[in-house]
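Here are my notes for a first look at this structure. Please read them with the model open beside you.

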Amino acid sequence: MTVADPTTPAPVLVHLHLNGEPTSVAVPPHWTLLELLRYGLNLTGTKQGCDKGDCGTCTVRIDGEPQLACLTLAVEVRDRHVETVEGLGVGGEPHPLQEAFARVGAAQCGFCTPGMLMSASAYLDDLSLQDAPVVRREDIAAALGGNLCRCTGYTKILQAIEEVAQSVLARQQDLATSDAEEP
Amino acid sequence: MLRLPPFTLHQPTTLAEAVALLAQYAPDVRVISGGTDLVPNLKLAQTKVGHLVSAKFLEKLHGITRTDTHLRIGAATGLHALAQDGDVQDVLPALAYAASRIASPQIRNMGTLGGNISLDTRCRYINQSELWREALGGCLKSHGTECHVVPGGQGCVAALSADTVPSLIAYGAIAEMVSDQGVRRAPVAELFQQDGTWHVRIAREEILVAVEIPIPSPQTRVAYRKWAVRQSIDFPLVSVAVRLDVDGAVLAGGSIVVGALGPRPRVLTLERLAGRPLDEALAQALGQMAWDRARPLPNIPYDAEYRRERMVIEIRRAVRVLVGLPEKPLVTKT
Amino acid sequence: MTAAAKPENASQGRPYAVVGARHGKPDALDAMAGLAKYTDDIQLPRLLHAKILRSPHAHARIRSIDTSAAEGMEGVHAVVVGAEMPTRYGVIPWTPDEQALAADKVRYVGDAVAAVAAVSEDVAIAACKRIVVDYEVLTPLTTPEAALANPQNKIHEANKHGNITKQVQLAFGDVDAALSAADLVIEGHYEFHGSTHGALEPHCALAHVDGRGLLTVWSATQVPHYLHRELSKVLEIPTHKIRVIQPPVGGGFGGKSEPFDLEFVAAKLAMKTGRPVKCLYTREEVFLAHRGRHPFDMHYRTGFSADGKILGVDAKSILDGGAYSSFGLVTTYYSGQLLGSPYVFQSYRFNSTRVYTNKPACGPKRGHGSVQPRFAIEVQLDKAARALHIDPIALRRRNFIGENTTTINEFHIGSSGFLECLDLVETASGWKTRYGKLPRGRGLGVAGSTYISGTNYCIYPTDLPQSGVQICLDRSGRVRVFAGTSDIGQGSSTMIAVVAAEELGVHLDDVRVIAADSDLCPVDLGAYSSRVTLMAGNACLNAARELAGKVRQAVAAKWGCQKRDVILADRRAQRLDDPQVWMDITEAFVLAEIEFGTMGSTGSYQTPREDVHGDYRGGTIGASPAYSFTAHIAEVSVDEETGDVKVENIWCAHDCGRALSPVLVEGQIEGSVYMGFGETLMEHHHVMPSGLRTDGARRDTGPGKEGLLAHSSLLDYRMPTALDTPQLFAGIVEKPDPRGPFGAKEAGEGPLHSVIPAICNAIFDACGVRVDALPVTPAKILAGLRAQRTGGG
């Protein structure tokens, strides 16, 4: 990364796992993870909306948890696993959430969508048949409590996540049933 | 976008290293943990500091341990982890609840208990950009000499806004700080002073490492209540913890702890109400006590008069829930 | 959905193939993969960053600006001040009262005075702090009352009438006679507070001058065409030397529908430095740029007959305009002109005055200028229904204006599904069995509204088309559409693709829409006043029909039949009378390309000009080719101990003519309802101090301390989260209007209007408290309940 600014403090070398790949990057200590992603690594899928942690637009997953890139010092993610919207989906196929968002119209301007997807994917990964056998809208809304959307009234976002969550639980149910049938 | 000013970041991996760094750079140094309060304050140039010492890699500050008598919670324990912890939910439900109501899921994943205790005070005249504060002409906490909340006021009255503090005080929590001078312990109730510019009695050389909370007896019941406009993201506009120590069917003692007033929480003890039955009249009496002795100021952004009324209502509701009455009074049909 | 005529593509005599299907947006996955490049996502080599220095004074004269210290800093490449771009501009050509950077005077805290281009934002920020501005501080006027009371203290010296930016007085029929003859006169004072758009993408502009001297400006704008014109005017460069590109925009809602300082600044600094320059607003700058909902102070008198007919309406409004005109001339007209339907007013007059104040300028927020009067009249109707013991829905039905008719202010109404909207929400909410029967603390409220599908006249006087579209197709089987339309998330590019795919017989995925690039696309006026579906949709339909005709002709020649016997649908050309005879659409396109050569067509749209608007001064403003209609029912519960209002459900039914993309129409309804809900209960773009203040702060208001925004972050400006938002029901009513493409009308703004009075009417139903001064707060509810108990309410 090039930083043309003569006043910038010396960059620090940081190793992290970015979307599954070991990554080394030199970054000035006062840069946030958001600035590193967007301007240092050209991963512009992660958006900036409010500057200071009020809107959730810059949500990424750090060690699996949804966190705010705009409040995270880039050098503090050393050795951590960072996932951005660019890392969702496998082998060119969209993540089921991306497919559902597109299908039901959960993205209008699309600006909050990457952050929404990161919060929603964490919610999905935490779903467990044992803890909550049915999908509850209020749980989804709670998982999205830090992600503002100005376009949709959240209606279709909740719908998309609900549909995917139901299929995740159904799959867990199938697995549980087939396990139970094993001798 | 709003930019962070340059600073030097230190990432010690041992407490000894951290303490040495703090001693070396004090007073121009701050501990950074989750960063959810400090980073916005740095971006707004509300806080200015040359050195940051990260608590992220300090093993000793993480984790929750339970003994027969106490719960010990590391200062770098995440707020989400705290809210979800089985032991905390079991013996300190009001603290678990308070942690679950902080800000948003992302911020609870990042923020820590130590960070919440140390959360800077908030005020409509300080949590603003440099341009805004310049336009205002500054205030006691920001390059000025005038308080805009209390005309003629000589001390900064920005509000303690930490959700966990009222219940920590109600539970009798003890904070443990370490510096190069050694270990210091102090009740959380005594950790705050009436100075909004620096309200936490933790020296720049010190690092908060843990809080220890005595496991309450079954006769102790604590509830935390928060009111904010939104169900998520917002700081508390009303923040109260109520502790009732009961003896059979009557009150033996307890406290009301009110946050979101000025820099210091207001603690009202209930000893003089000992012997009162656990009923609606008690709820009313506690509400009245708070009305008389705790007064929200027009410091944080909402109608202070309404916040005062709401504080009373939240206290009444807390009492009702703790004594097994319905939370809301019955509405008579008209 | 109502029983309209069987949906059919009339030009080809077959059912719709794409129109009305439950598709999403073809390009939705781009945003979700992080591939869509919004303006700030674009990086150019040797990019410089610009920051704007803003005024800390609400009202001050600039004596001098010293930029030398900033210019001398390492890493600073250029500084620009107002004197370098003195030309005044404004989105409305009649009211050019803005400068790119204030040259002589600042008029609100945040007014732009200088800008720096530097190698980094950090250096640019540091350099701004080294610019020394010598101000002569003037007395700020931060309320309309103060501004009207001090006409000699002019915020704009060149303004004719003190601080009044616009006054409109129009009267239709004898209102005084109607009111004195009325069985019931409802008189009320209503306050509507300021709110802002809150699009999540902050404004951003990027500019570059290439080797040929072509200035390219990328901007997060809703109006690339108006930006193009104003850039040319202010920078004094001919329009053909400027290219404006609007990348994907992260929400607009009216907040990006005029030129802003950052676009001029980025362009000027790019010209001065020869390097690309980007300027990105902070969130606070977005709040300062504002152009949001005008605070209104309204006094309404409405006369009714005993059977609930509206006999006369007398409306008086003061609009708090902020520091600049913006769209204010139009806002002032809209404040009265858009009230003439969906009800018959037997007589009507309004008197609206817009006032300059030293605050961020107000402008068009979703439902521009007509949301505030709609609140007043719909609450008036509710009060009348109560007083006359008429069901509030019945009262609205009784006053319905009808279809194919003319309003009292002489606007032509075409199709109207207003009654069907009322029916739908009445049924969906269980109104008949629940209204008036709910326990205390729970209530239902209804309201209705109407909105324009674009305006008949462009912002600048012209006979040029309002929308243009160019379509190409070729042997690949793919369709390319070049449209000037601005997709700001509402889905205009999808709409264009739907229209093209419907006519040309391809799938949505086969249409590539290239939009909002002034070098590539025909002119479209922009995404504002709900004009795009009707206007650009018609332009696209015209172009597509021409091209489809050629394809059908070529296929007909091959099959030896008539052109009308060939239909295009589902990637096929097919015999209308024999579905077994068909060919792949690619083959059909090949035949056409052989027959006619390279395949292209253009289509344009110009509004009807005859008999559609009033024959009086101002009678064209608010006139639209077609009107949408909406009804809302809200259900609330009120906690009488705390004053909390919880909105449990909102049912909205909206007549959009024809839903080209029902999923997207529902999205527009849901988003509109959400936004109206938020501004009713939580949001307030509040400048201290103000006549509308609710925060109870008592403070010194000496010079230099007025005009500060109380809520200039997304923390303090409280937009509802997923946890706060009620259940939203979005019902589509289709009453096709012959003036819309396939009958389509607008859906993006209408569904906001009546949610606000519906909530307030529901609050009254729940607890008997009228909140006539917005926003609704628990304190106001408690005050109302107290007044009730003491007999004052």
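1. A crossing is left-handed if the near helix is turned anticlockwise from the far one by less than a right angle, and right-handed if clockwise. The crossing of H2(A) and H5(A) is right-handed. Helices (H or I, at least four residues) and strands (E, at least two) are DSSP runs, numbered from the N terminus.

2. **What kind of model this is.** This is a predicted model; local features need pLDDT of at least 70, side-chain atom pairs count only at pLDDT 80 or more, and totals for chains, interfaces and linings use all residues. Residues are numbered from 1 along each chain as its sequence is written, while chains are lettered from A and ligands numbered from 1 in the order in which they are written.

3. **The helix pair in chain A.** Helix H2 (residues 96–104) and helix H5 (residues 155–181) of chain A pack at about 135°, and their axes are 9 Å apart. Axes are lines fitted to C-alpha atoms, for helices over the stretch in contact, and angles run from 0 to 180 degrees between N-to-C directions. H2(A) and H5(A) are therefore oblique to each other. The cut-offs: under 35 degrees is roughly parallel, over 145 roughly antiparallel, 65 to 115 roughly perpendicular, and the rest oblique.

4. **Who touches whom there.** H2(A) brings Pro96(A), Leu97(A), Ala100(A), Phe101(A) and Val104(A) to the contact with H5(A). Among the H5(A) residues that meet them are Lys156(A), Ile161(A) and Val164(A). Two residues are in contact if their C-beta atoms, placed from the backbone, lie within 7 Å. By class, the contact of H2(A) with H5(A) has eight nonpolar, one polar and two charged residues. Ala, Val, Leu, Ile, Met, Phe, Trp, Tyr, Cys and Pro count as nonpolar, Asp, Glu, Lys and Arg as charged, and the others, Gly among them, as polar.

5. **Domains of chain A.** The domain assignment gives domain 1 (12–87) and domain 2 (96–181) of chain A. Such bounds come from an automatic or database domain assignment. The C-alpha centres of the two domains lie 23 Å apart. Their contact takes 15 residues from domain 1 of chain A and twelve from domain 2 of chain A. On the domain 1 side, strands E3 (59–62) and E4 (65–68) of chain A each supply at least two residues. E3(A) has the largest share, three residues. This side divides into five nonpolar, seven polar and three charged residues.

6. **The seven-stranded sheet of chain C.** This open sheet has the order E3-E5-E1-E12-E9-E10-E11 (chain C), with mixed pairing. Two strands pair if DSSP finds at least two bridges between them. E3 (76–81) and E11 (242–245) of chain C stand at the edges with a single partner strand each, so one side of each is left without a neighbour in the sheet. The twist averages 20° from one strand to the next.

7. **Inside and across that sheet.** E9 (residues 204–209) and E12 (residues 277–280) of chain C pair in the antiparallel sense over four bridges. Leu206(C) has Lys278(C) in E12(C) as its bridge partner. Helix H7 (residues 261–273) of chain C packs on the sheet, and its direction makes about 25° with that of E9(C). Helix H6 (residues 224–235) of chain C lies across E10 (215–219) and E11 of chain C, running at about 150° to E11(C).

8. **The four-stranded sheet of chain C.** Its order is E18-E26-E27-E30 (chain C), open and with mixed pairing. E18 (442–452) and E30 (727–733) of chain C are the edge strands. E26 (residues 627–638) and E27 (residues 645–655) of chain C pair in the antiparallel sense over ten bridges. Ala631(C) stands opposite Ala653(C) in E27(C).

9. **Chain C and its partners.** What does chain C touch? 40 of its residues are in contact with 35 residues of chain B. That side of chain C has 15 nonpolar, nine polar and 16 charged residues. Also, 47 residues of chain C are in contact with 47 residues of chain A. H17(C) gives the most to the side of chain C that touches chain A, with seven residues. This side divides into 24 nonpolar, 16 polar and seven charged.
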